[in-house]
Amino acid sequence: AIACVGAHEKMADTTPLFPSERKPAGRSRTVVTAVAAIACVGAVALVGASLTHRTTVLMADGIEPVNKLSFARAEKSHFSAAKRLDDVSSRSAVDSYFNKLSSSEAKQHAADERADATAKQASLSFYFDSLGATYTKQAQAHAAMRAARHPGKLTHHDAMIRSSIHADGAAVDAAVSKGISKAARSTDESAAVEESRSEANSDEGEKKGKQQLTSGASKVKIGFYMESMCPGCKYFTTHVLKSLMKKQEFRSMVDVEVYPYGNGQLTGTQIACQHGTDECEGNKVIACIQKLYPITDADEGFFPAFVCMEAKDGKPMAEGESCANDNNLDWTQIKTCAAGTTGSELALSAAQATEGLSPAHEYAPWVTMNGAPLRDDAYNLAAKVCDSYTGLNKPSMCDKKAVKEDTTAALKILKAVGFSVCPRRSGKV
């Protein structure tokens with residue numbers, strides 16, 4: 001195209017301006033025009049050749065690459081989209097599968113649990129529920145048996161069975177303290193009266209009245225059949241006897257005898273204790289201190305040391321030494337007694353007395369009043385003693401108000417913790 005334009009321009013430039021210099025235009029113009037046309041055709045051909053060469057390179061020797069074809073590009077796009085779609089579907093399917101599996105497993109697990117509960121197979125809850133029901137039935141049967149032995153004596157039995165047996169010791173101690181606190185003033189007043197009476201021994205009439213009050217014939221005989229390592233015996237000693245034996249009024253009405261044998265086994269003269277040899281040694285210590293330091297109306301004798309031993313949970317021999325020293329008792333004398341013939345004889349006597357009970361004891365602690373078992377009423381000991389005491393001039397602790405308070409305190413103990421015992425078992429200890 002440039003050549004064509006140039007030729008035309010050149011032709012214009014070479015045309016003479018003056019007519020005298022001009023030649024005829026016909027032939028020469030025709031020649032120039034023809035040359036320009038040829039130049040234009042050549043230029044177009046040259047451009048076309050250039051373009052033709054470039055197309056040949058893209059076609060790769062005359063064959064277009066398959067990945068450049070439209071259907072191939074469409075297929076590639078299709079497969080790419082399908083792959084993405086398949087990945088999402090796969091993930092969705094897997095999620096759906098595991099969700100369904102989890103739901104199915106959860107349902108099956110719940111069904112298995114229901115089946116186990118229905119079939120009563122290895123269910124911990126069922127086990128303890130059954131065990132609790134069994135114990136309740138046994139307790140009710142035991143209560144009925146005990147009530148049948150002395151009808152009318154266990155009016156508080158139903159309340160005791162329904163009550164919880166897991167109250168803590170502090171609450172029980174508070175109940176006991178509250179139950180006896182109102183009687184404390186009357187006890188102190190009574191002690192003052194007794195002291196005045198003892199100072200007036202010159203008055204023969206008053207002396208005679210006092211002898212009638214404390215005479216052995218009128219005293220209530222209390223037998224306490226226990227063993228030195230029994231938790232129930234320890235509880236009864238520390239929560240019932242301890243407070244009563246501190247009162248001179250109470251001591252003036254009773255003769256208390258402790259029989260340290262409990263649920264042992266007696267074969268000839270040989271004793272096997274329920275809680276082992278340590279308990280046998282403790283039983284001998286208790287028997288010896290009772291022998292060496294008897295209770296009187298004026299003095300508690302061995303009882304503070306005995307209560308001290310029962311309040312501890314160590315080995316009775318070691319606790320005996322500690323408690324004897326704390327209460328100014330001669331431990332050397334006590335130990336000699338317990339380790340020697342005297343201790344063995346006292347232990348054998350307690351065992352024979354226990355084995356000779358009629359009716360036979362059922363558990364420890366076993367408390368009798370004038371030879372008859374008290375069972376649950378042992379916790380209401382003050383009221384029972386006051387009711388049975390036949391001496392003149394009953395002390396103030398036996399008036400109706402004080403007896404009612406003692407009875408209320410006893411029922412609180414029974415309602416809170418029940419009657420704690422060590423059961424008697426037949427056969428070998």
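Analyst: Happy to. Cys230 and Cys422 are both buried, and a disulfide joins them, with the sulfurs 2.3 Å apart. Keep in mind that the model is predicted.

User: Where do Cys230 and Cys422 sit in the chain?

Analyst: Cys230 is in the loop between β1 (220–226) and α9 (231–245), while Cys422 belongs to strand β8 (residues 422–423).

User: How many disulfides turn up in the whole structure?

Analyst: A search finds five. One of them joins Cys308 to Cys323, with an S to S distance of 2.0 Å. Cys308 is in helix α12 (residues 303–310) and Cys323 in helix α13 (residues 316–326), 15 residues apart. The torsion of this pair is about -70 degrees, so the disulfide is left-handed.

User: Buried or exposed, what about Cys308?

Analyst: Cys308 has a relative accessible area of 18%, and the cut-off for buried is under 20%, so Cys308 counts as buried.

User: Which cysteine sulfur is nearest to that of Cys233?

Analyst: The sulfur of Cys230, 3.4 Å away. A disulfide needs sulfurs within 2.5 Å, and Cys233 is in no disulfide. Cys233 counts as buried because its relative accessibility is 0%.

User: Switching topic: what's the mean pLDDT?

Analyst: The mean for the chain is 74, and 59% of the residues reach 70 or more. pLDDT stays under 50 over residues 52–58, where the model has two contacts beyond four places in sequence. It also stays under 50 over residues 200–216, a stretch with 20 such contacts.

User: And how many helices and strands are there?

Analyst: The chain has 17 helices and eight strands. Of its 429 residues, 32% count as buried. Among contacts between residues at least 6 apart in sequence, 76% join residues at least 24 apart.

User: How much of the accessible surface belongs to carbon and sulfur atoms?

Analyst: That share is 57%, out of about 26,000 Å² for the chain.

Technical notes. Residues are numbered from 1 along each chain as its sequence is written. This is a predicted model: local features need pLDDT of at least 70, side-chain atom pairs count only at pLDDT 80 or more; totals for chains, interfaces and linings use all residues. Side-chain values use heavy atoms; hydrogens and water are left out. pLDDT is the predictor's confidence in each residue, from 0 to 100. Contact means heavy atoms within 4.5 Å. Helices (H or I, at least four residues) and strands (E, at least two) are DSSP runs, numbered from the N terminus. Buried means under 20% relative accessible area, exposed over 50%, partly exposed in between (1.4 Å probe, protein chains only). Accessible areas come from the Shrake-Rupley method with a 1.4 Å probe; for residues, only the protein chains shown count as cover.
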